Amino acid sequence: MRISGVWLKTLPGILATTLLLAPLAGQGLETTSVILAGEQFQVELAVSRAERQQGLMHRDRLPAGTGMLFIYATPQPTRFWNKNVRFSIDILYFDENQAFLRADTHVPPCPESPCPVYQSGQPVKYVLELPAGSRERLELQPGQGFTFR
C-alpha cells in the first residue's frame, strides 16, 4: 500500500496528539478542568462505582497537570488504596463545598496485596488524586477549595 504525501505530513501530528492525550484516555472517562490553588488540572471523572473502583489502576504514569476526581452522590467516609497503580500519588479529600480537608501524600505504588488503606477520616464528596508532591507544591491548606472550569 502506498501512502500519499498528505498522510506523510499529517501522520506525525496525529501520532503526537494521540500520545499526549493517551494518559487521560484511561477507560474513556469524561474529563473536565478544575482550578486548585490557582493551577489548572485536566482531570478524569470517576463517578460510578465501577469507575471509582478502577481508578488509576494499570496506568504507567500520571503526567503533571492531570489527575482523577472521584465524585460521590452524597458525602461519605472513603477508603483508598494504591493497588496496581504504578506511581506515587497524593490523595486530596474535599467536602461537599469543595473545601480541602486533608491529604495523604506520596502514597507509594502497591504491586501486591495486602496494600495499605488510606481513609478520609470524615465524610467527603470529592477525592482528587494528583501526581505525588502536588499538595506540597501547591501549599494547599485546609479550607482552600477547587472550582470547576
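# A tour of the predicted model

Select alanine 73 to begin; this residue lies in strand 3. The structure on your screen is a predicted model. Is alanine 73 buried or exposed? Its relative accessibility is 71%, and exposed means over 50%, so alanine 73 counts as exposed. Along the chain, valine 47 and alanine 73 are 26 residues apart, while 8.3 Å separates their C-alpha atoms.

**Stop two: the largest pocket**

Next, show the largest pocket, which holds about 420 Å³ of space. Its lining is made up of 21 residues. Select Arg52, Gln53, Arg79, Phe80 and Trp81, which are the lining residues closest to the pocket centre. Then colour the lining by residue type: ten residues are nonpolar, six are polar and five are charged.

Which elements supply at least two residues each to this lining? They are helix 2 (49-54), strand 3 (66-76) and strand 4 (79-80). Helix 2 gives the most, with four residues.

**Stop three: the salt bridges**

Side chains of opposite charge can pair when their charged atoms come close.

Select arginine 137 and glutamate 39. Their side chains meet in a salt bridge, with 2.6 Å from N to O. Arginine 137 belongs to helix 3 (residues 134-138) and glutamate 39 to strand 2 (residues 39-46), so this pair ties together parts that are 98 residues apart in sequence. Arginine 137 is partly exposed, at 47% relative accessibility. Glutamate 39 is also partly exposed, with a relative accessible area of 24%.

Stay on strand 2 and select glutamate 44, together with arginine 59. These two form a salt bridge in which the closest N and O atoms are 2.5 Å apart. Glutamate 44 lies in strand 2, but arginine 59 sits in the loop between helix 2 and strand 3, so the pair ties together parts 15 residues apart in sequence. Are the two residues buried or exposed? Glutamate 44 has 1% relative accessibility, and buried means under 20%, so it counts as buried. Arginine 59 counts as buried too, at 8%.

Now select aspartate 60 and arginine 86. They form a salt bridge, and their closest N and O atoms are 3.0 Å apart. Aspartate 60 lies in the loop between helix 2 and strand 3, and arginine 86 in the loop between strand 4 and strand 5 (89-94), so parts that are 26 residues apart in sequence are tied together by this pair. Aspartate 60 is exposed, with a relative accessible area of 60%. Arginine 86, at 45%, is partly exposed.

**Last stop: the disulfide**

Finally, select cysteine 110 and cysteine 115 and show their sulfur atoms. What joins these two residues? A disulfide joins them, with 1.9 Å from S to S. The count of disulfides comes to one. Turn the view to look along the S-S bond: the angle about the bond is -90°, and the link of cysteine 110 and cysteine 115 is left-handed.

Technical notes:
Residues are numbered from 1 along each chain as its sequence is written. This is a predicted model: local features need pLDDT of at least 70, side-chain atom pairs count only at pLDDT 80 or more; totals for chains, interfaces and linings use all residues. Side-chain values use heavy atoms; hydrogens and water are left out. On a 1 Å grid over the protein atoms alone, a cavity is a set of points where a 1.4 Å probe fits but cannot get out, and a pocket is an open set with protein on both sides within 12 Å along at least five of seven lines; lining residues have an atom within 4 Å of a point. Grid points are joined across faces, edges and corners, and a volume is the space filled by probe spheres set on the points. Ala, Val, Leu, Ile, Met, Phe, Trp, Tyr, Cys and Pro count as nonpolar, Asp, Glu, Lys and Arg as charged, and the others, Gly among them, as polar. A salt bridge is a side-chain nitrogen of Lys or Arg within 4 Å of a carboxyl oxygen of Asp or Glu. Buried means under 20% relative accessible area, exposed over 50%, partly exposed in between (1.4 Å probe, protein chains only). A disulfide is a pair of cysteine sulfur atoms within 2.5 Å.
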